[in-house]
Amino acid sequence: MANELPKYYFRVRDNGAVVFRISAENRHGRIDAEQIAVVNTNRGDFKPHGDQELSHADEVAINDWITGRQALLAARDFDDMRRAMDQLNLLTHWAQSRATDAQLEELTEDLLLAIHDLRSVLVRKKADRLGKG
């Protein structure tokens, strides 16, 4: 039913979420949100809040959320890297076609160091992958 509330609400925060069990089962018809757990997506685990005892259904729902959230964050991270490649291409075009000498003078050393660092990491990682194969 479209008007049904979800059983759980996950308030996202840095490195995880606070988990609430949702209920509208009271005589006033208000929505109650009881905090039941805290999730750490970096470690992929959770802890009950206070003296809460989590049911098997609670644990399954939280683990499912963690799995989905980690997949979403990984996809976002990869998408950010693709955007960074686009930005590098735009930067190259800007440096070649529109940048002034003063702008290039201000940025060149920092850009060269950043690009050198990136290249070093990429070459080392590529060598590691080739060494494993």
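Strands here are DSSP runs of E with at least two residues, helices are runs of H or I with at least four, and both are numbered from the N terminus. This is a predicted model, in which local features need pLDDT of at least 70 and side-chain atom pairs count only at pLDDT 80 or more, while totals for chains, interfaces and linings use all residues. Residues are numbered from 1 along each chain as its sequence is written, and side-chain values use heavy atoms, without hydrogens and water.

Strand 2 and strand 3 run antiparallel and are joined by eight bridges. Val18 has Val38 in strand 3 as its bridge partner. Strand 3 (residues 32-40) pairs with strand 4 over four bridges, again antiparallel, and Val39 has Phe46 as its partner there. These two strands form a hairpin with four residues between them, and Gly44 in the turn has a positive phi of about 75°.

On to the helices. Which helix bends by about 45° at Leu107? That is helix 2, the bend being the angle between axes fitted to the seven residues ending there and the seven starting there. Helix 2 covers residues 101-132, and its 32 residues should span 46 Å at 1.5 Å a residue; the end C-alpha atoms are 45 Å apart, which agrees. The expected span is 1.5 Å times one less than the number of residues.

Helix 1 and helix 2 pack at about 140°, with axes 11 Å apart. Axes are lines fitted to C-alpha atoms, for helices over the stretch in contact, and angles run from 0 to 180 degrees between N-to-C directions. The contact (heavy atoms within 4.5 Å) is made by Leu91, Trp94 and Ala95 of helix 1 and Gln103, Leu104, Leu107 and Leu111 of helix 2.

Methods: Two strands pair if DSSP finds at least two bridges between them.
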